[in-house]
Number of protein chains: 2
Amino acid sequence: MSKTKNLGEFEILVLAALVRLGADAYGVTIRREIEERAGRDVSVGALYATLSRLEQKGYVSSRVGEATAERGGRAKRHYIINANGKEQLDKSALALGNMLKGIGPWPKTLNLQA
Amino acid sequence: MSKTKNLGEFEILVLAALVRLGADAYGVTIRREIEERAGRDVSVGALYATLSRLEQKGYVSSRVGEATAERGGRAKRHYIINANGKEQLDKSALALGNMLKGIGPWPKTLNLQA
DNA sequence: ATATATCTTCTACAATGTAGAATAAATAAT
DNA sequence: ATTATTTATTCTACATTGTAGAAGATATAT
């Protein structure tokens, strides 16, 4: 049980995207996942800065991938959330969920209400 | 439809507390609501600074209450979320919900999964 | 070699988060 | 009427997180 440090809102979105994407997670896909699913603009600078900070805190790990791009371009840096990061994400999600449930209305597909 | 400006994580908790508390919302009760329900320490300074900023942005309104305390003490400042603030809160909740749903597990009472 | 495509890093600043001391303003006690 | 006590807000100072866009790196295509 590591120390809880209160993730920021954007950090939460990024960590959630990492969980969703699994092995496919790198800059471009993470950005697209958040923009599409959360309906929110994401600048590249904001994304990488946040990923870097999350890595410094030990919540994610990264490795530079093989240069297997199909049409040229720099190699991808793949990101993966680690146990510590998942733990923080769960805590933040639980706190937010407890505060937000029942005060909708939101679409049925969201199902935040208890 | 006013401009969306991406609420911070703590701002979301505070606005949600205002919705929950309704007319009973003032410093002490807001703080207690977040500490109990979100399971998170809240310093008085952090809370009032955030309330002040939310008011500046037009998301909440406040008024100093009558001096009807039963055992002395300064008058309360009552806070109320306004339509603009509720709109932002809903957007943030929707974005977070869409990213977080299905990646639990969380307690059944949370029901974040779709 | 040079162009083009893909992706990450850097720089600089704005906004949000945080804690604790200080202050204010009411009633209660002497 | 002073002083103590209680309740609550405001102030001060700084740390952390959020943000955008330019710059740089590195691959293939021409």
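Which residue just after α1(A) takes a positive phi? I found Gly22(A), with a phi of about 60 degrees.

Ground rules first. I am reading a predicted model, where local features need pLDDT of at least 70 and side-chain atom pairs count only at pLDDT 80 or more, while totals for chains, interfaces and linings use all residues. Residues are numbered from 1 along each chain as its sequence is written, chains are lettered from A and ligands numbered from 1 in the order written, and side-chain values use heavy atoms, without hydrogens and water.

Entry on α1(A). I took helices as DSSP runs (H or I, at least four residues), numbered from the N terminus. α1(A) has 13 residues and reaches 19 Å from first to last C-alpha, close to the expected 18 Å (1.5 Å times one less than the number of residues). Eleven of those 13 residues are buried, so α1(A) is largely enclosed by the rest of the structure; buried means under 20% relative accessible area (1.4 Å probe, protein chains only). Among them I noted Phe10(A), Ile12(A) and Leu21(A).

Entry on the interface. I see 37 residues from chain A and 37 residues from chain B in contact (heavy atoms within 4.5 Å). I looked for salt bridges between chain A and chain B and the count is zero (a side-chain nitrogen of Lys or Arg within 4 Å of a carboxyl oxygen of Asp or Glu). On the side of chain A that touches chain B, α1, α2 and α4 of chain A each supply at least two residues. The largest share, eleven residues, comes from α4(A).

Notes
Buried < 20%, exposed > 50% of the residue type's maximum accessible area, 1.4 Å probe, protein only.
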